[in-house]
Amino acid sequence: MTGVALPLGFSLEPLQRSHQRRRFDCGQSEVNDWLHTKALQHQDKRLSATRVLIDQDRAVAGFYTLATGQVDFGDLPSDLARKLPRRALPVAILAWLGVSVTLQGQKLGDLLLAQALRDCYEAGQTFAFVAVILDCVDDRAKAFYHRWDFAQLPGNPYRLFLSAQTLTAMMTSRAR
Ligand SMILES: CC(C)(COP(=O)(O)OP(=O)(O)OC[C@H]1O[C@@H](n2cnc3c(N)ncnc32)[C@H](O)[C@@H]1OP(=O)(O)O)[C@@H](O)C(=O)NCCC(=O)NCCS
């Protein structure tokens with residue numbers, strides 16, 4: 001599996017019990033709580049997969065969680081839904097993303113998002129989906145994702161999507 005270039009001394013690893021996940025703080029209690037108490041349980045139950053960015057001191061510098069899901073045909077924008085069957089449709093879900101407050105502003109968020117989208121793209125070669133979906137925790141997070149071509153789903157200002165076509169174009173035309 002190909003990956004984005006990590007800063008020297010950092011590694012990206014599947015979340016394990018030995019990681020210091022309870023010390024992680026990204027400044028957002030909901031996101032912290034997910035990593036502290038739920039991410040590993042959900043991973044053990046095969047509900048979602050979390051990858052953690054580990055720094056030189058083995059601390060968790062950031063993480064993201066991916067899952068699969070469905071959206072109803074009627075929830076998609078009409079230009080995307082037009083060619084699709086009128087039923088529940090498969091999607092990849094970028095469920096959570098966070099960077100440690102001590103390391104924010106150093107492009108690690110962009111790096112983790114790039115890798116999360118690459119994971120989605122590569123998984124999509126085997127298990128197809130029509131879009132990557134995510135729910136923003138607040139307007140600041142929404143602004144962060146808007147920079148990456150995510151668009152709002154009609155009727156839900158905090159649910160964003162990136163179509164599989166856009167993802168493919170992104171992954172095949174740009175070195176992200
Ligand atoms: C959102 C978050 C992951 C960004 O991580 P980060 O490492 O600080 O971001 P980066 O350094 O990669 O920033 C890349 C760009 O995004 C912009 N950016 C960063 N955080 C942003 C925010 N909250 N809102 C808008 N833009 C933001 C930066 O200004 C930068 O833009 P530039 O390239 O024009 O300079 C981080 O702030 C975080 O963990 N927040 C709390 C948890 C959260 O909101 N998660 C997302 C929802 S689950």
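This is a predicted model: local features need pLDDT of at least 70, side-chain atom pairs count only at pLDDT 80 or more; totals for chains, interfaces and linings use all residues.
Biologist: Where does helix 1 bend, and how do you know?

Modeller: The bend is at Lys38, by about 55°. That value is the angle between axes fitted to the seven residues ending there and the seven starting there. Just after helix 1, Arg46 has a positive phi of about 65°.

Biologist: Which residues of helix 1 are buried, and what covers them?

Modeller: Val31, Trp34, Leu35 and Ala39 are the buried ones. Their cover includes strand 2, strand 3 and strand 4.

Biologist: On to helix 3. How do you know that its span fits its 17 residues?

Modeller: At 1.5 Å a residue, helix 3 should span 24 Å, and its end C-alpha atoms are 24 Å apart, so the span agrees.

Biologist: Why is Asp119 called partly exposed?

Modeller: Buried takes 20 or more other C-beta atoms within 10 Å, and exposed takes 12 or fewer. Asp119 has 19 C-beta neighbours inside 10 Å, so it counts as partly exposed. Asp119 sits in helix 3, whose buried residues include Leu112, Ala116 and Cys120.

Biologist: Which residues touch the most other members of the largest nonpolar core?

Modeller: Of its 45 residues, those are Val91, Leu94, Leu112, Ala116, Ala131 and Val132. The elements giving two or more residues to this core include helix 1, helix 3, strand 4 and strand 7. Leu94, again leaving out residues up to four places away in sequence, touches Tyr64, Leu66, Ala116, Val132 and Leu134.

Biologist: What makes up the shell around the ligand?

Modeller: By class, 11 nonpolar, 7 polar and 4 charged residues. Of these 22 residues, Gln104, Gly109, Asp110, Arg140 and Ala143 come nearest. Strand 4, helix 3 and helix 4 each supply at least two residues of the shell.

Terms used
Residues are numbered from 1 along each chain as its sequence is written. A residue is near a molecule or strand if its C-beta atom, placed from the backbone, lies within 6 Å of it. Helices (H or I, at least four residues) and strands (E, at least two) are DSSP runs, numbered from the N terminus. Ala, Val, Leu, Ile, Met, Phe, Trp, Tyr, Cys and Pro count as nonpolar, Asp, Glu, Lys and Arg as charged, and the others, Gly among them, as polar. The expected span of a helix is 1.5 Å times one less than its number of residues. A nonpolar core is a set of buried Ala, Val, Leu, Ile, Met, Phe, Trp, Tyr and Cys residues joined through C-beta atoms within 7 Å. Two residues are in contact if their C-beta atoms, placed from the backbone, lie within 7 Å.
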